[in-house]
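The following exercises are to be worked with the sequence and the model at hand. Each task is followed by a solution in steps.

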Amino acid sequence: MLAWNFIKHFPCKNLSRHILRDRVRPLCFCTCSTPPSSFSISASLSYSSSSSSSCFTDESFTAPYLSVRIHCPKHVLDPFSEALLCFGASSVAVDEDIDEDAASGSSLASKEICIESVFPVHEEVKMCISQAANSIGLKEVPKFKVEMGDEQDWITKNQELFQPVEIAERLWIVPEWTSPPVTEAVNIILNPGFAFGTGEHPTTKLCLLLLQSLIKGGEAFLDYGTGSGILAIAAFKFGAASSVGIDIDPLAIKSTRHNAALNNIPLEKLELHLAPSENCSSGREIPLQKQQFDVVIANILLNPVMELADHILSFAKPGATIGISGILSEQLPNVIERYSPFLEDISVATIGDWVCMSGAKKGEFIDN
Amino acid sequence: MAAAAKEILTRRPVAATIRLTVPAGGARPAPPVGPALGQYRLNLMAFCKDFNARTQKYKPDTPMAVTITAFKDNSFEFTVKSPTVSWYIKKAAGVDKGSTRPGHLTVTTLSVRHVYEIAKVKQTDPFCQYMPLESICKSIIGTANSMGIKIVKDLE
């Protein structure tokens, strides 16, 4: 009865064009585990001026949500979870039993399992659940309970995860409320708000190590995509003369200012600029002089570093070192191809799946 | 080979499995990612950076289906799949939501051609690669029907 028999010749209306950028077949990533060292997450997003002193968040973080617990028959767990997501749930989580071995004859006294689900606050939870149940042929609508989500619950849990991190010998990243484990080391004090860059991520580590090797004293440093400001601050600690941080996120700027103060860096020495994002009108340039910096590091993502390559390069003096990270090793060839016309002595450092590419900007006189 | 054996021997106890939809390249620690992962003490920024890096090849904001395995030591792994079938169906049909009374009220119709196209994309997902296209099509039609969207031979 299937349509199968009716399929003849189709014009090539390739649906994957709608979701893929470059006609690449979508692959799936079974991936990365983070090391167990717990860490506080920094993420910044805020337009609100009322940030608490300990955490920079935004309305979107404290946005209300619904926390729904649903009792689901075990045998339909997978299809029901998928169906819930189709019909309005934002997320679906299932606690696992420790014992997965069938051989142990684990006693499954209960035939039901609890699903913890998050719904947007305006969603009709009962309707979604019943539609989801209906779509997989469940006779009864599962029992469920709705509660208002408590954002303090998850925000606080993540704050608690932050521990001091040792990047290299005598280089530590320390949360604001902890005293440095090694007082004589170079200690960068951070508030784990919600801006990226707490030192634990491989890319931050790679960039910090690169920076440490490059800064001898007196350099002008540009941190493109500054996040929490960790690199800009580290540069100062290593002896740079000046640091400039750029980010498209206003909260990152705020977070960096706060972190600079924690490290006793006067505001005049750390210049910060908000880069125009796509939503802003173009034509507004960052008020920075070109060819001004001895070291430029951009730890962002593949697409921005590709699109902004000329821009990032323009701020570097000839002979300056450029570092690019936030890149997976499989994305490296694209980045090298994009940057190699402008860089020489390209080298690559790797931690796990992540890489940091660095090179020296070629002088004005480029061979044709 | 050796890696697989080693993995089985050192398989970490699983705390939870979390499923959610996240826009490609647009993961942020705010809801829904925040509460969903934060409950299990997973490193939100690490997930966001990782997810965003791995979904750079998709058009920004395409909703990706993510399955995260959270381990008891707060580490995690995740897989990313192409958008959910219902997303494709809605996009192909040009509607925002399914019918409020599926089975009774049909919102719109799609042709079998759409079903075929969607099936071809879904077949590239892991776990679906060895499924016959016909099975995938059946599943898509089922989902469409439950959304109040009828499948017809040809749209004229």
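**Exercise 1: A covered strand**

Strand E6(A) is mostly covered, since five of its five residues are buried. The model examined here and in the exercises below is a predicted one.

Task: Determine which residues of E6(A) point one way and which point the other way.

Solution. 
- Step 1. Leu171(A), Ile173(A) and Pro175(A) point to one side of E6(A).
- Step 2. Trp172(A) and Val174(A) point the other way.
- Step 3. Residues of both groups are buried, and the cut-off for that word is a relative accessible area under 20%.

Task: Identify the strands that pair with E6(A), and state how each pair runs.

Solution. 
- Step 1. E5(A) pairs with E6(A) in the antiparallel sense, over three bridges. Within this pair, Glu166(A) has Trp172(A) as its bridge partner.
- Step 2. Strand E7 (residues 186-190) of chain A runs parallel to E6(A), and five bridges join the two. Here Ile173(A) is partnered by Ile188(A).

**Exercise 2: Backbone angles to check**

Solution. 

Task: Carry out the analysis for Asn264(A).

Solution. 
- Step 1. Asn264(A) is found in the loop between helix H7 (250-262) and E10 of chain A.
- Step 2. Its phi is positive, near 55 degrees, in a residue other than glycine.
- Step 3. The relative accessible area of Asn264(A) is 69%. Asn264(A) therefore counts as exposed, the cut-off being over 50%.

Task: Find where the cis peptide bond between Pro31(B) and Pro32(B) is placed, and give its omega.

Solution. 
- Step 1. Omega of the bond joining Pro31(B) and Pro32(B) is about 5 degrees, and the bond is cis.
- Step 2. Pro32(B) is in the loop between strand E1 (14-23) and helix H2 (33-38) of chain B.
- Step 3. For comparison, most peptide bonds are trans.

**Exercise 3: Two open sheets**

Task: Trace the sheet whose strands come from chains A and B.

Solution. 
- Step 1. The order of the seven strands is E4(A)-E1(A)-E3(A)-E2(A)-E1(B)-E2(B)-E3(B); the sheet is open and its pairing antiparallel.
- Step 2. The edges are strand E4 (144-148) of chain A and strand E3 (76-81) of chain B, each pairing on one side only.
- Step 3. Neighbouring strands are turned against each other by 20 degrees on average, direction ignored.
- Step 4. Strand E1 (residues 65-73) and strand E3 (residues 112-120) of chain A run antiparallel and are joined by nine bridges. Opposite Arg69(A) stands Glu116(A) in E3(A).

Task: Describe the open sheet that has the order E10-E9-E8-E11-E12-E14-E13 in chain A.

Solution. 
- Step 1. This sheet has seven strands, and its pairing is mixed.
- Step 2. Strand E10 (270-274) and strand E13 (343-351) of chain A are the edge strands, each of which pairs on one side only.
- Step 3. Strand E12 (residues 316-328) and strand E14 (residues 354-361) of chain A are antiparallel and share six bridges. Gly323(A) has Ser358(A) in E14(A) as its bridge partner.

**Exercise 4: A helix pair in chain B**

Task: Describe how H4(B) packs with H5(B).

Solution. 
- Step 1. Helix H4 (residues 85-93) and helix H5 (residues 112-122) of chain B pack at an angle of about 145 degrees, and their axes are 11 Å apart.
- Step 2. The crossing of H4(B) and H5(B) is right-handed.
- Step 3. From H4(B), the residues Val85(B), Tyr88(B), Ile89(B) and Ala92(B) meet His114(B), Ile118(B), Val121(B) and Lys122(B) of H5(B).
- Step 4. Sorted by class, this contact has six nonpolar, one polar and one charged residues.

Definitions and conventions: Residues are numbered from 1 along each chain as its sequence is written. Chains are lettered from A and ligands numbered from 1 in the order in which they are written. This is a predicted model: local features need pLDDT of at least 70, side-chain atom pairs count only at pLDDT 80 or more; totals for chains, interfaces and linings use all residues. Side-chain values use heavy atoms; hydrogens and water are left out. Axes are lines fitted to C-alpha atoms, for helices over the stretch in contact, and angles run from 0 to 180 degrees between N-to-C directions. Helices (H or I, at least four residues) and strands (E, at least two) are DSSP runs, numbered from the N terminus. A crossing is left-handed if the near helix is turned anticlockwise from the far one by less than a right angle, and right-handed if clockwise. Contact means heavy atoms within 4.5 Å. Ala, Val, Leu, Ile, Met, Phe, Trp, Tyr, Cys and Pro count as nonpolar, Asp, Glu, Lys and Arg as charged, and the others, Gly among them, as polar. Two strands pair if DSSP finds at least two bridges between them. Buried means under 20% relative accessible area, exposed over 50%, partly exposed in between (1.4 Å probe, protein chains only).
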